[in-house]
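This briefing goes through one structure by topic. Please look at the sequence and the model below before reading on.

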Amino acid sequence: MSKKRIHSSLPITAAQQALFADVPNISLVGLMGSGKSTVGRILANTLKRPYFDSDEEIVSRTGASVPTIFEIEGEAGFREREAKMIRELSEKQQVVISTGGGAVLREDNRAALKAGGLVVYLSTTPERLLVRTRYDRNRPLLQNPDPLGTLKKMHEFRHPIYSQMADIIVTTGSGQVSQVAMHIIEAISKKIAKDQGLT
Ligand SMILES: Nc1ncnc2c1ncn2[C@@H]1O[C@H](COP(=O)(O)OP(=O)(O)O)[C@@H](O)[C@H]1O
Ligand SMILES: O=C(O)C1=C[C@@H](OP(=O)(O)O)[C@@H](O)[C@H](O)C1
Ligand SMILES: [Mg+2]
């Protein structure tokens, strides 16, 4: 049976929708389990924008899962595919992009995402990330005896990188994914108003 997809979108006003008319790409970055893939889809549906998940694009084009690519080509091989994908997706216009958590490790990826539009960092604690990812076998970097230790190290290393490149930082807690999508919309709306000198 094929995996069920959530295509939910949130009710936003026409005025709010209109605010986004000139907003370029919106790219989501953050650690594994931060909600990039889930929230990105809701955000795109709500804003009526095309949606791309870099991992999903790599998987559909290679016909192999992320763990299989890691197994056959190693992490280095996956990162090469990821860099090509990030470059391609960043060149699109007014789309929502969910990146893989490690995409920000390369300067060229960071530059491409920044040049394409706004970058939103979904931030949360390693403990919460573990709860969200612990039964998912699709993340090869967490298939070891101490996934919390791995997430803590990744958080320590990557949090400054995500924070530094982000236009907007949204901290996610016990709320629902739809609330996270709404926070992003509100935060971007505020930023637009501020940039236009309206506030
Ligand atoms: N803010 C949140 N609240 C509750 N569950 C969440 C939240 N963000 C993500 N999740 C859940 O965590 C899991 C991993 O989310 P996912 O979107 O795949 O993260 P990412 O793409 O950043 O690795 C999914 O089951 C998702 O529903
Ligand atoms: O953080 C990482 O290095 C990775 C994150 C994964 O994507 P998600 O962040 O969507 O889980 C996926 O790209 C791969 O397993 C490597
Ligand atoms: Mg994802």
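This is a predicted model: local features need pLDDT of at least 70, side-chain atom pairs count only at pLDDT 80 or more; totals for chains, interfaces and linings use all residues.

R79 has its place in helix 4.

**Annotated binding site**

- An unreviewed UniProt entry places the feature "binding site" at D55, R79, G101 and R158.
- R79 has 17 other C-beta atoms within 10 Å, so it counts as partly exposed; a residue needs 20 or more to be buried.
- D55 is found in helix 3, which covers residues 54-62.
- D55 counts as buried because it has 23 C-beta neighbours inside 10 Å.
- Apart from neighbours within four places in sequence, D55 is in contact with V66 and G100.

**Shell around ligand 1**

- The shell around ligand 1 has 15 residues, of which G35, K36, S37, T38 and R132 come nearest.
- Helix 2 and helix 8 each supply at least two residues of this shell.
- Helix 2 gives the largest share, 3 residues.
- By type, the shell residues divide into 10 polar, 3 nonpolar and 2 charged.

**Strands**

- Strand 1 and strand 4 run parallel and are joined by 5 bridges.
- One pairing links S27 to V119, its bridge partner in strand 4.
- Strand 4 also runs parallel to strand 5 (residues 168-171), with 4 bridges between them.
- Y121 stands opposite I169 in strand 5.
- Strand 4 is largely enclosed by the rest of the structure, because 6 of its 7 residues are buried.

**Nonpolar cores**

- In soluble globular proteins, nonpolar side chains tend to be buried together.
- The largest nonpolar core holds 32 residues, and L43, V120 and I184 touch the most other members.
- The elements that each supply at least two residues of this core are strand 1 (25-29), helix 2 (36-47), helix 4 (66-90), strand 3 (96-98), helix 5 (107-116), strand 4 (117-123) and helix 8 (177-195).
- Which residues does L43 touch, not counting those up to four places away in sequence? They are I26, V96, A181 and I184.

Key: Residues are numbered from 1 along each chain as its sequence is written. Chains are lettered from A and ligands numbered from 1 in the order in which they are written. A nonpolar core is a set of buried Ala, Val, Leu, Ile, Met, Phe, Trp, Tyr and Cys residues joined through C-beta atoms within 7 Å. A residue is buried if 20 or more other C-beta atoms lie within 10 Å of its own, exposed if 12 or fewer, and partly exposed in between; C-beta atoms are placed from the backbone. Two residues are in contact if their C-beta atoms, placed from the backbone, lie within 7 Å. A residue is near a molecule or strand if its C-beta atom, placed from the backbone, lies within 6 Å of it. Ala, Val, Leu, Ile, Met, Phe, Trp, Tyr, Cys and Pro count as nonpolar, Asp, Glu, Lys and Arg as charged, and the others, Gly among them, as polar. UniProt positions are given in the numbering used here, feature names are shortened, and annotations may be inferred rather than shown by experiment. Two strands pair if DSSP finds at least two bridges between them.
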